[in-house]
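Reader: Please show the sequence and the structure, and then take my questions in turn.

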2 protein chains.
Amino acid sequence: MTKPAYAAVDWGTSSFRLWLMDAEDTVLAERRSSEGMTTAAQTGFPQVLTAHLSALAAPSDLPVIVCGMAGARQGWVEAGYVDVPAPLPAVLAGAVRVSGIDRDVRILPGLAQRHADAPDVMRGEETQLLGALQSAAESRQIVCMPGTHSKWVTVTDDLVTSFSTFMTGELFDLLSKHSVLSHSVAGAASFDADCPTFLSAVKAAFRAPQRVSNILFTVRSGTLLQDLSPTDAAARLSGTLIGLEIAGALGSAAERPVIRLVASGKLRSLYEGALSVLSLSFQTIDADEAVRRGLSAAAHKILLAKPEEKP
Amino acid sequence: MTKPAYAAVDWGTSSFRLWLMDAEDTVLAERRSSEGMTTAAQTGFPQVLTAHLSALAAPSDLPVIVCGMAGARQGWVEAGYVDVPAPLPAVLAGAVRVSGIDRDVRILPGLAQRHADAPDVMRGEETQLLGALQSAAESRQIVCMPGTHSKWVTVTDDLVTSFSTFMTGELFDLLSKHSVLSHSVAGAASFDADCPTFLSAVKAAFRAPQRVSNILFTVRSGTLLQDLSPTDAAARLSGTLIGLEIAGALGSAAERPVIRLVASGKLRSLYEGALSVLSLSFQTIDADEAVRRGLSAAAHKILLAKPEEKP
């Protein structure tokens, strides 16, 4: 295989992904594991990283670019935040070099919105954003990045102007596992984005988001009074939370811009289904590719630049 | 002490309360424990009840009236539901006699709303309602009963016409204990209803309920970026969920009727604070007294009526 030029790592709270990349940004090999920040904080960040690099027989001097929770206060080395409004490339200048490891490892910072009434943070999504955004005809772009903590970002003329986090994925997880609704969804099969219960729940929550904590309870009462199946219960729960998120992110503004949806896998199809049933225009960008493209851009700027250009 | 005439029991999911009452409905003695349905389903409902009655030296033939989760499918004996719209006294006619125990024990049914789009159930609150409602000048009354699953009930001319459950208390519990917000609220002290963070959160969620899953995340980002204290974090979480509930219950209707708030203790003061800051009119009825009055009304009709009048 071609010679690897760098390794790119997306280090989340509960997941670890590493790609071995050549100088032309071709993926040579990939590793995925559940050794996210939570696990690595116990077993050691350098140990986790070195084990994955060794498994791929990576050269001992291969440089590594990292985004995500490895840069959190409870992570490997705190990489701080770049405050918005900010141009995305400012993230590259804020990368922190890890000491105490025998190779060049840099961790990218997150973004912070230090607004008194709307404080917000992201870590990892800024790199996805860096890889996802292309010059657009519109001056103002709205980006949706679904997940445990979904991010909606407004970019105006290549400046990240504001963003909002919605706890959609975590609420789904909490309610399915720990609430009274857990009895309703126990044994649910996977459902698709064209599931009618999912789509009606998206519409119901989008139309009446203020009633969300009541709509959620109808999952329970639906089981008791209407024989709602576990799969339909899970679909209603998911659709309700996604409909609420979209209502909150778009607000009551009459303007409905094309949404850049940065997503992969199951979440991609659910959000595509939800946006479609609400008649909202969107354009999908693969989230896995986006984060890799963002990490590659950072690697070229930070790790592979000629010595005199390195920060 | 006067001779006890009956025992009144409010048997919730996680709590058990018993009052020994005389024929004039004076409380002679009280027992409170955490042997709710969940515990009693393990240790045995008759055993729990008998132990508490024995501790009070109650006569072995003392009749007992019960409301709440003891009548659920997973409870002692299923007491079913009375379907709304229904006059509240219909609940009395639906009481179920428990067999296999050597005294007269009756369990009151719950209420069910078998509406395709808004299925809902209550169990226990119907008895509170029975004790709380008095003839009012207005034909239409709105009743708010806060709790783990808050109930908002519309009563029109003594007929329960509709009701809605909001998962406010359970969401507070889940988010404080199991979510990313648990780090923010860990070590929180108790806060009062006049806490400014609580009151601003009520207003913010009431004004923009569609953004609730974002407002909730500001508890986390407030900790990270603004040194939000654990107590203020808990106050913001609580205020957000209560503001959301009130927004959902009242909707966008211009009409703002006097709300009958049926509540006790901490919840009473928080909801009074929340309704006040939103400039909503309310009248408070003590929830403990209300459930006891409801149980007393049921006891007189079902247990203490002359034999020929007993159902």
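Author: Helices (H or I, at least four residues) and strands (E, at least two) are DSSP runs, numbered from the N terminus. The model is predicted: local features need pLDDT of at least 70, side-chain atom pairs count only at pLDDT 80 or more, and totals for chains, interfaces and linings use all residues. Residues are numbered from 1 along each chain as its sequence is written, chains are lettered from A and ligands numbered from 1 in the order in which they are written, and side-chain values use heavy atoms, with hydrogens and water left out.

Reader: In which loop of chain A does Pro85(A) lie?

Author: The peptide bond from Val84(A) to Pro85(A) is cis, with omega near -5°. Most peptide bonds are trans. Pro85(A) lies in the loop between strand 5 (81-83) and strand 6 of chain A.

Reader: What is omega for the peptide bond from Val84(B) to Pro85(B)?

Author: Pro85(B) is placed in the loop between strand 5 (81-83) and strand 6 (86-87) of chain B. The bond from Val84(B) to Pro85(B) is cis, and its omega is near 0°.

Reader: Which residue stands opposite Pro87(A) in strand 13 of chain A?

Author: Strand 6 of chain A pairs with strand 13 (residues 159-166) of chain A in the antiparallel sense, over two bridges. In strand 13 of chain A, the residue opposite Pro87(A) is Leu159(A).

Reader: How are helix 7 of chain A and helix 10 of chain A oriented to each other?

Author: Axes are lines fitted to C-alpha atoms, for helices over the stretch in contact, and angles run from 0 to 180 degrees between N-to-C directions. Helix 7 (residues 196-207) and helix 10 (residues 265-277) of chain A pack at about 55°, with their axes 9 Å apart. Angles under 35 degrees count as roughly parallel, over 145 as roughly antiparallel, 65 to 115 as roughly perpendicular and the rest as oblique. Helix 7 and helix 10 of chain A are therefore oblique.

Reader: How do the residues of the contact of helix 7 of chain A with helix 10 of chain A divide?

Author: Contact means heavy atoms within 4.5 Å. Phe198(A), Leu199(A), Val202(A) and Lys203(A) in helix 7 of chain A meet Leu270(A), Gly273(A), Ala274(A) and Val277(A) in helix 10 of chain A. Ala, Val, Leu, Ile, Met, Phe, Trp, Tyr, Cys and Pro count as nonpolar, Asp, Glu, Lys and Arg as charged, and the others, Gly among them, as polar. The contact of helix 7 with helix 10 of chain A divides into six nonpolar, one polar and one charged.

Reader: Which residue of chain B comes closest to the rotation axis?

Author: Copies are superposed by least squares on the C-alpha atoms of residues with pLDDT of at least 70 in both. A rotation of 180° with 0.0 Å of shift along its axis superposes chain B on chain A, with RMSD 0.0 Å. That is the relation of a two-fold axis. At 2.8 Å (C-alpha), the residue of chain B closest to the rotation axis is Gln210(B).

Notes. Two strands pair if DSSP finds at least two bridges between them.
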